[in-house]
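Please view the sequence and the structure before reading on.

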Amino acid sequence: MDKLLKEAQEAELRAITRRHFLMECVAGVGGLALGSMLGGCMGARSSSGSLASRLPHFPGRAKSVIYLHMAGAPSQLELFDYKPELQKLHNQLCPQSLLEGKKFAFIRGTPKMLGPQATFRQHGDSGAWISDLLPHFSTVADEVSFLKAVHTDQFNHGPAQLFMHTGHARLGRPSIGSWVTYGLGTENSNLPGFVVLTSGGKTPDAGKSVWGSGFLPSVYQGVQCRSHGDPVLYISDPEGMDRDMKRKAIDAIGAVNREEYATYKDPEILTRIAQYEMAYKMQVAVPEVMNINNEPEYIHELYGTQPGKESFANNCLLARKLVEQGVRFVQLFDWGWDSHGTGADTALDLGFRNKCREIDRPMTALLLDLKQRGLLDETLVVWGGEFGRTPMQENRDNKDMPFAGRDHHPDAYTIWMAGGGVKQGVSWGETDEIGFSAVNGSTSVHDVHATMLHLLGFDHEKFTYEFQGRPFRLTDVEGNVIRALV
Amino acid sequence: MENNGDLLLFLGRWHPLLVHLPIGMLIMAFVLALLSRKKAYSSLAPAVSITLLFGATAAVVASVTGYLLSLSGGYDVRTLSLHQWVGISTALVSVLCWLLYRKPVDTRDVFYRIRKGRFAVLGLMLALLGIAGHFGGTLTHGDGYLVEALPAPMRKLIGWQPEVVTIENVQEAAVYAAIIQPIFRQRCQSCHGTKKQEGELALHTFEALIRGGETGQAIVAGDTLGSELYRRLTLPEGDEDRMPPKGRTPISDHQIRLIAWWIDAGAPNDKLVKEMAQPEEIQPILLGLEGGDTKTALGKEPVLTYEDIPPVKQEVVDKLLAKGMTVVPVAENKNQVIVSAINYPAFSDGDAELLLELGANIAQLKLGGTQITDAALKHFGKLAGLRQLHLENTAITDEGIAYLKDCGQLWYLNLVHTGVTDKGIQVLNQIPGLRTLYLYETAVTPNGIAALVQAAPELKIDTGNYQLPALPSDTVVY
């Protein structure tokens, strides 16, 4: 009997590992996370001033973010970076000087130059160059500011997407949506602070880590919602289980979890409790906000939405609805932009045009709809891919390819931002005559993040989270706010 | 000083290192002496004298090396002499302390007879040590090095004012006086200023800068690369001519670029930034000089500054929170709050009373989609700090918005899907700061807008109802 008791005690002691001990310092944060996910407590937290660091460092112009990520990396040379010189070099062999010391994902040997596969015109008072592949978007050119010389250091989709969303090319860091939700909390107590919507048939190459919470408490991870079927998997009550029973079940599980927390002090238990509560509240709130059937007909016409389908258009409309309901960060991924030219669907003059058509109306509608509702002032909209594409035509395995495509290119690509206090009609950064590398205004991924955080009221150098013995930042040890934009 | 040979200077340069030995040891001796006065620690008593012996020896060595270092010159004479004499006194008093604490040779020993006051002497020694140390720090790092880093509220307590020039609008700032001179003041003048003129160079005035120093002109107007000052700033790290010298805070890359930009433009004394050519790489640096993070670059909209006001009434906040409202400060160290009813759609006129109690603390008020009616707005004039007001999707009509004319700071007003009409909105021209007005899904007509715009030309009105034309390309599938 004694032996059994001793064994039980030992087992319990073993359960409290060094990790738990180390994490105890985080426990307070886990508790706060719970607090911030439950409405009103946020106010108590911040107005008591005990955790002033979780407030913006200065009043930010943006209060929420809609991030439109074109997964696969759209070609800047067919959309925004107009290079007439490249047209003159079309079909000529690429000079060796450009290839020296460079590594490409698929280009081998000496590729040919590929002129722009679209016609360009200047639009609006700002004179922004936008190609004819985006006829609707070009009408709102003056709302938008372009970063034309963004560079990354990754040339494969997965790492590059991770870098774009977590500031780091390896797994394990929190995504920018998690950082923002961690910093600003959620406004609507019945909805997650960070919602993810995907379209194009696939999730991004980097998987769900691009909306993961890394070392931040997992309440801050993105909640993926679907635009057809149940918006969140298993959100409806199963057959034979009514809402009251569900409530009782959650209460019982919550009681057990709280007991467990009292014993082991694992902050993830608090997160779990919060998530059960959130899931319960979401059962009512999410189907309502995720339902676009009740939107008036002219709104459907504006966005080009078709209820019940998984599409970028539906996701744009949902993004507006979510932001309107106080969701802090809405992350859209649209898959299918990897225009290598290996087939018709990835050819710049075929499949790529279809993708452009699919986003042109919805993203324009999103900006206009946010604007007419008075939401654009405080909503930052960001559009971009994970890298750019080469001015050379891809020659996979050193062979000419039947379709016009471009390889991955990390040195220069275009991102645009609108709303949320971004200066309008600016074009920052310039590439050389063929769009191969930046000649001025070179902008790193960290610079983009620093600027986004700045617009939200955070000094990216002070916005940190203590983990493994040192404070971590979204921008690591780099990043400068692009002053031309804010 | 050259005649003294390198060896003495070499020994002198050990001073900054050696000086820390007596500091540690003598403080230790004091701590031991203090503790040994208590019975429980009386066993420590014998350790005092040996610690003092080492400390005093180290102090003497430090004084000698310090003297040798001082011979090399280049220090502010007044601070140097203070440091020197207080330092030597410390060494002497520490020797005296040792004599008082050592085991007496015999009881007629003069030091044995005056041993009663020895703890006081030890205390005096500690005080001298502190003073000497402080002057030493001032010599290496410059005056005010310590307090400069003090948080602002504590600075206020000791009455120290930093010399900080904040630039509101960089284009209107004087290039030399507001941008270049502060760099010199911050990084150069402790050695090239009024107190010291290393290499016979002073940088505290424009004239002194132009005069140059020992090696001639410091700057050649219009020729950055030919300017000695720029050369010294950009020498490789470790070069003995590089400025600021090793051990001092270096000049930042941005500051160097600003100096180069200024010299290239002919090193003008009186020009404003806007009168200078501004190459693209210098623009962000210039913008970065502007103080205050709240500045908006949109230009069309007012600068969103939040002045210092008394804190919110916590008991009112608690009541609002209990109802399910959210109350969040606009930023840390700001007392203005954002109040939202997004989680409390049942918000009605009765609840508005509570808001009024927060008065000028409310900067942003989100009452969209609530049960609020015109009557609740009657006293909104009391919300003197209100900047952004959301009333979309409510039953507000013309009668209600008439009360808003007293909200003097209001610049954003959202009346989407409310009952306002052409007639009612005209009152809004009485809010001088109003910049954006949202009237989507209201009965307001172009005539009403035109009338209001005429009266308030800076107001941006959005009536929405945007449509995108159906283009042939919308349906072409490739």
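Which residues does A:V382 touch, not counting residues up to four places away in sequence? A:V382 touches A:V65, A:Y67, A:L68, A:I415, A:M417 and A:M452, where contact requires C-beta atoms, placed from the backbone, to lie within 7 Å.

## Basis of the model

This is a predicted model, in which local features need pLDDT of at least 70 and side-chain atom pairs count only at pLDDT 80 or more, while totals for chains, interfaces and linings use all residues. Residues are numbered from 1 along each chain as its sequence is written, and chains are lettered from A and ligands numbered from 1 in the order in which they are written.

## Nonpolar cores

A:V382 is one of the residues with the most contacts inside the largest nonpolar core, together with A:A319, A:V330 and A:V381. This core has 128 residues. A nonpolar core is a set of buried Ala, Val, Leu, Ile, Met, Phe, Trp, Tyr and Cys residues joined through C-beta atoms within 7 Å. A residue is buried if 20 or more other C-beta atoms lie within 10 Å of its own, exposed if 12 or fewer, and partly exposed in between.

Helices (H or I, at least four residues) and strands (E, at least two) are DSSP runs, numbered from the N terminus. A second, separate core of 53 residues includes B:V312, B:V317, B:L434 and B:L459.

## Contact between the chains

In the contact between the chains, 43 residues of chain A meet 46 residues of chain B. Two elements of chain A, α3 (41-48) and α12 (351-372), each give two or more residues to the side that touches chain B. The largest share, ten residues, comes from α12(A).

This side of chain A divides into 14 nonpolar, 19 polar and ten charged residues. Here Ala, Val, Leu, Ile, Met, Phe, Trp, Tyr, Cys and Pro count as nonpolar, Asp, Glu, Lys and Arg as charged, and the others, Gly among them, as polar.

## Chain B and a helix pair

Chain B contains 19 helices and seven strands. Of its 478 residues, 32% are buried.

Within chain B, B:V316, B:K319, B:L320 and B:K323 of α15(B) meet B:D351, B:L354, B:E357 and B:L358 of α16(B). The residues of this contact comprise four nonpolar, no polar and four charged.

Key: Two residues are in contact if their C-beta atoms, placed from the backbone, lie within 7 Å.
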